[in-house]
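Reader: I am new to this structure and would like to go through it slowly. Please show it first, and then take my questions in turn.

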Amino acid sequence: MEGLATVFPCKQFVFLVVALCLVLPTGQASAEERGNWWQFWSAEDERSQRVKILEPFLEIHTGPGRGFPVFYVAEQDEWITLEKRRTDWFKVTLENGESGWAKRNAMEKTMDAVGEIVRFTDPRVDDFTSRRWEAGVLTGDFDGASVNSLYMGYLMTANLSTELGVSQVLGDFSQNVLANINLVHQPFPHWTLSPFFTLGTGMVWIKPKSTLVREESRQEQSAHVGLGLRYYLADRYFLRVEYKDYVVFTDRDNNEEAKEWKLGLSVFF
Amino acid sequence: METWSQRIFLALIACCLIPMAHAQESAVQEDTEQPRAIIPPDVEPRKVDEALIDTEDFELGLYTGIMSVEDFGSNLVVGGMLNYHLSEDLFVRLGVGYTETQETSFEKLGGDVSLLEDDDRNLLYYNLSLGYKFLPGEAFFGDDLAFNTNFYVLAGLGSTEFAGDSRLTANFGWGYQILFTDWVSMHLMMQDYIFDSDILGEDKTTQNLEFTLGLSLFF
C-alpha cells in the first residue's frame with residue numbers, strides 16, 4: 001500500500017510537468033503572435049468592419065429600402081458594425097445589439113477606426129473602358145423571326161475582345177439554335193457611345209416545326225459580319241444594339257443568308 | 001525512494017523552465033530596447049474595406065403551383081428563379097418552369113384521337129423579366145411579429161417549348177414577397193405567359209395563367 005501512495009504523488013508530478021510543458025509554449029505563442037489557427041474561428045471578428053457615426057443621428061430601417069420603416073435612431077459617436085450589403089443598403093449592428101439597415105449615403109457620413117470618412121466605390125465610365133468581362137442578353141429579329149441571345153465577352157486589349165454567344169431563333173417554320181464565337185473591335189472604347197465591328201463563325205442547328213411537314217433536323221456552319229453600338233447607361237450597365245449579316249453554308253446549291261437586328265442590356269465585371 | 005523520485009522530477013522541471021526563463025529575459029531586454037504601449041490595444045484600428053462586406057444582391061428560388069395551359073388543362077408547375085437586384089426598386093429575373101399538360105377536351109371526347117405525342121405534351125418555358133418592387137412595407141402577424149414585404153410587378157420575354165415547337169413568349173405578372181429573415185423569403189406569384197400556338201389549326205394567341213408559391217434565399 002505504501003508503494004502505491006508513493007507512486008501517486010509521482011504521477012501528479014508527471015501530469016504537472018506535462019501540463020506545464022503543454023500550456024507554457026502555447027501561452028507564449030498566443031501572447032506573441034495573435035492571428036493563429038484558433039483565430040480562424042473568430043474570422044467574423046477579424047473581418048468586422050466598424051464605423052463611427054459623425055452626423056447627429058443615423059436612421060435604422062427594418063429593411064433594405066426606403067419604404068421600410070425607421071425603427072431606431074443611432075446617435076452621434078456610436079460605433080456600428082457593417083454586416084452585409086444589398087444594393088445601396090447596409091445591414092448594421094449597433095453596440096447595444098440592435099440591428100437594421102442604413103442607406104449608403106448615410107453610411108458615407110461615418111468614420112472608420114483609422115479616422116477616414118467611409119467611401120464606397122461605384123462602377124463608373126472609367127470601369128466601362130477598363131473592364132475585362134461582360135455579359136448580356138439581347139432580343140430582336142432574325143430574318144423575320146424572333147431571336148433571344150445570351151453572350152459573354154472577354155476584353156483582350158482595349159480595342160479587341162472575344163465573345164461567345166448562344167441564340168435561339170423562334171421562327172414560323174423552324175426553330176434554330178446558333179452558337180457563335182466573335183471577334184469584336186472597338187475603335188473608340190473610351191467613348192460613352194462606342195461603335196464596334198464584329199466578325200465571327202459558328203454553328204446553326206435547324207429543327208423544322210413538327211406541326212409542319214416532317215423534315216430532317218440539320219446542322220450547318222455559319223459565318224457573320226456585323227456592326228453595332230454600345231451605350232453606357234449607369235453603374236455597370238450598358239445598352240447594346242447590333243446588326244449582323246449571316247451566311248449559313250449549306251450543302252445545297254445556294255448558301256442561305258440572314259439579317260439579324262438585336263437590342264439588349266449588358267453588364268461588365 | 002520518495003525523495004529520489006521527487007528529485008528526478010524537480011530536475012526535469014528545472015530543465016524545462018530554464019530555457020523559458022532565458023526566453024523571458026531576452027523578451028525583457030527587447031522590451032527595454034523598444035518601448036511599447038503599456039496596454040497594447042485589443043483591436044488594431046482598421047480601415048473599412050469595401051471588399052470584405054458581404055454583398056447579397058442575388059436571390060435564388062424554387063416555386064410550385066398551378067399553370068393553366070390554354071386547351072390543355074390546369075396542371076402542377078415547378079420552376080426556379082434567379083433574381084438579381086439592381087437597386088432597391090428594380091430586379092432582373094431569370095425564370096424557368098416545367099409542367100406536364102393533360103389531354104384537350106377534344107381528345108377526351110373524340111375517343112381515340114391524339115393531338116400530341118407524349119413528349120410533346122410537356123411544356124418548358126424560360127424568360128428574363130424586369131421587376132419593379134413598388135409597394136414595400138410590413139405585414140403584421142399578431143402583436144409581436146412583423147415581416148418585411150414587397151409587392152412587385154414584372155414583365156419580360158422568353159421562349160416556351162411546347163407541342164414540338166418553340167415560341168417567343170411574353171410574360172407579365174405580379175408577386176407578393178414576405179421576408180422571414182434578411183435572406184429567406186416567400187413569394188406568392190401570378191403570371192401570364194402569352195404565346196402563339198397553331199396546334200389546333202390556325203395560329204392563335206394563347207394566355208396561360210400561372211399561380212405559384214415560392215421560397216427564395218438571398219446570397
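Reader: Among contacts in chain B between residues at least 6 apart in sequence, what percentage join residues at least 24 apart?
Author: This is a predicted model, in which local features need pLDDT of at least 70, side-chain atom pairs count only at pLDDT 80 or more, and totals for chains, interfaces and linings use all residues. Residues are numbered from 1 along each chain as its sequence is written, while chains are lettered from A and ligands numbered from 1 in the order in which they are written. Two residues are in contact if their C-beta atoms, placed from the backbone, lie within 7 Å. Among such contacts in chain B between residues at least 6 apart in sequence, the share that joins residues at least 24 apart is 54%.

Reader: Which element of chain B has the lowest mean pLDDT?
Author: The predictor's confidence in each residue, from 0 to 100, is its pLDDT, and chain B has a mean of 84, with 82% of its residues at 70 or more. Where pLDDT is low, the predicted coordinates should not be read in detail. Among the elements of chain B, strand E2 (residues 58-68) has the highest mean, 95, and the lowest, 60, belongs to helix H1 (residues 2-33).

Reader: In the barrel of chain A, what is the order of the strands?
Author: Strands pair if DSSP finds at least two bridges between them; for instance, E8 (residues 133-142) and E15 (residues 256-268) of chain A pair in the antiparallel sense over 9 bridges. The barrel closes from 8 strands with antiparallel pairing, in the order E8-E9-E10-E11-E12-E13-E14-E15.

Reader: Which residue in E15(A) is the bridge partner of A:Leu138?
Author: Strand E15 of chain A covers residues 256-268 and pairs with strand E8, which covers residues 133-142. In E15(A), the bridge partner of A:Leu138 is A:Gly264.

Reader: Is A:Asp77 buried or exposed?
Author: A:Asp77 lies in the loop between strand E3 (70-75) and strand E4 (79-86) of chain A, and its phi is near 70°, a positive value in a residue other than glycine. A residue is buried if 20 or more other C-beta atoms, placed from the backbone, lie within 10 Å of its own, exposed if 12 or fewer, and partly exposed in between. Because A:Asp77 has 10 other C-beta atoms within 10 Å, this residue is exposed.

Note on methods. Helices (H or I, at least four residues) and strands (E, at least two) are DSSP runs, numbered from the N terminus.
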